[in-house]
Amino acid sequence: MLKVYGRANSINVRKVLWMLEEVGEKYEREDWGRGYRPTDDPIFRKINPVGVVPVIDDGAFRLRESNTIVRYLAAKHGRADLYPTDLQARAGTEAWMDWASTDFANGMRPVFHGLVVKNPAFANMVAGGIKDWSAQMRVLEQQLAAGGPYVMGTAFSIGDIPVGLVVNRWFAIRFDKPEFKAVSAYYDRLTERPGYRAHGRNGTP
Ligand SMILES: N[C@@H](CCC(=O)N[C@@H](CS)C(=O)NCC(=O)O)C(=O)O
């Protein structure tokens, strides 16, 4: 059975758990990371020299990097509906995944660590994070309003997985935030998916 290494409240592990629900693959999971066994444990460093979760073992094949794992699972299950085979549609999907892990997450990170983890090192970065995050939310709002209801248009794709998890954090963390109607509707639409209810909008920011 496929094995996932990583705590279930990690935003990156949650991508993989949600995807496993989408493709209907059973798995076992071992807790590693903040609050559990630390990822700088030498045992874990052998599993992933980078020292971050998630990692999967699919039989003898080991893989790290959450977005890569999501793409691997889509390809493994032949889910062209979630991960297009057309070159340009595929690249567009990957662009949303990359954006969600970089520009979109850059503002989120200090807000999450300042307000939720309450790490004092981030306390004076929260306001700047909210500003950056809001600017990127506006990008998503415009995309969804003009070309939604999903990031790639009419159909749900793996592009929505990393994006949907950042969107969950936006709504689940309490702070004064601008209203984004299309993103709000997107949040509700994603909630129709059992995998998102289990691992995305599940009460955990
Ligand atoms: N690029 C990596 C980043 C993974 C990452 O940053 N994981 C965080 C959790 S979200 C981590 O392992 N933090 C250390 C910890 O939990 O102790 C990926 O997408 O898989």
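**Reading a predicted fold, one feature at a time**

Colleague: Let's start with a single side chain. How should I class Lys-118, buried or exposed?

Modeller: Lys-118 is exposed, because its relative accessible area is 62% and the cut-off for exposed is over 50%. Keep in mind that we're looking at a predicted model. Lys-118 sits in the loop between α5 (103–115) and α6, and its phi is near 60°, a positive value in a residue other than glycine.

Colleague: Now the strands. Which way do the side chains of β1 point?

Modeller: In a regular strand, side chains alternate between the two faces of the sheet. Here, β1 covers residues 2–5, with Leu-2 and Val-4 pointing one way and Lys-3 and Tyr-5 the other. All four are buried, the lysine included.

Colleague: Which strands does β1 pair with, and are they parallel or antiparallel?

Modeller: On the parallel side, four bridges join β1 to β2 (residues 27–30), with Leu-2 standing opposite Tyr-27. The antiparallel partner is β3 (residues 55–58), joined to β1 by three bridges; there Lys-3 is bridged to Asp-57.

Colleague: What kind of unit do β1, α1 and β2 make?

Modeller: A right-handed β-α-β unit. The helix in that unit, α1, has 13 residues and spans 19 Å from first C-alpha to last, close to the 18 Å expected at 1.5 Å a residue.

Colleague: Is α1 mostly covered or mostly open?

Modeller: Helix geometry first: with 3.6 residues a turn, residues three or four places apart point the same way. In α1, 11 of the 13 residues are buried, so call the helix mostly covered. The buried ones include Val-13, Trp-18 and Met-19, but also Arg-14, Lys-15 and Glu-22.

Colleague: And the core? Which residues have the most contacts inside the largest one?

Modeller: The general idea is that in soluble globular proteins nonpolar side chains tend to be buried together. The largest nonpolar core here has 58 residues, and those with the most contacts inside it are Met-19, Phe-104, Trp-133, Leu-140, Ile-158 and Val-163. Helix α1 supplies the largest share, eight residues. At least three residues come from each of domain 1 (2–76) and domain 2 (87–197).

Colleague: What is Phe-104 in contact with, sequence neighbours within four places aside?

Modeller: Its partners are Trp-99, Trp-133, Gln-136, Met-137, Leu-140, Val-163, Val-166 and Val-167.

Colleague: Where should I look for cis peptide bonds?

Modeller: Check omega. From Val-53 to Pro-54 the bond is cis, with omega near 10°, and Pro-54 lies in the loop between α2 (42–47) and β3. Another cis bond joins Gly-148 and Pro-149, with omega about 10°. Pro-149 belongs to the loop between α6 (126–147) and α7 (160–172).

Colleague: Last one: how is Arg-197 classed, and what is it in contact with?

Modeller: Arg-197 is in helix α9 (residues 194–199) and counts as partly exposed because its relative accessibility is 42%. Leaving aside neighbours within four places in sequence, Arg-197 is in contact with Thr-191, Glu-192 and Asn-202. Its C-alpha is 20 Å from that of Ile-69, 128 residues away along the chain.

Conventions. Residues numbered from 1 in each chain as written. Predicted model: local features only at pLDDT ≥ 70, side-chain atom pairs only at ≥ 80, totals over all residues. Heavy atoms only, no water. Core = buried A, V, L, I, M, F, W, Y, C linked by side-chain atoms within 4.5 Å. Buried < 20%, exposed > 50% of the residue type's maximum accessible area, 1.4 Å probe, protein only. Helix = DSSP H or I, 4+ residues; strand = E, 2+ residues; numbered from the N terminus. Domains from an automatic or database assignment. Contact = heavy atoms within 4.5 Å. Pairing = 2+ DSSP bridges. Right-handed = clockwise from strand over helix to strand, strands pointing away. Expected span 1.5 Å × (residues − 1).
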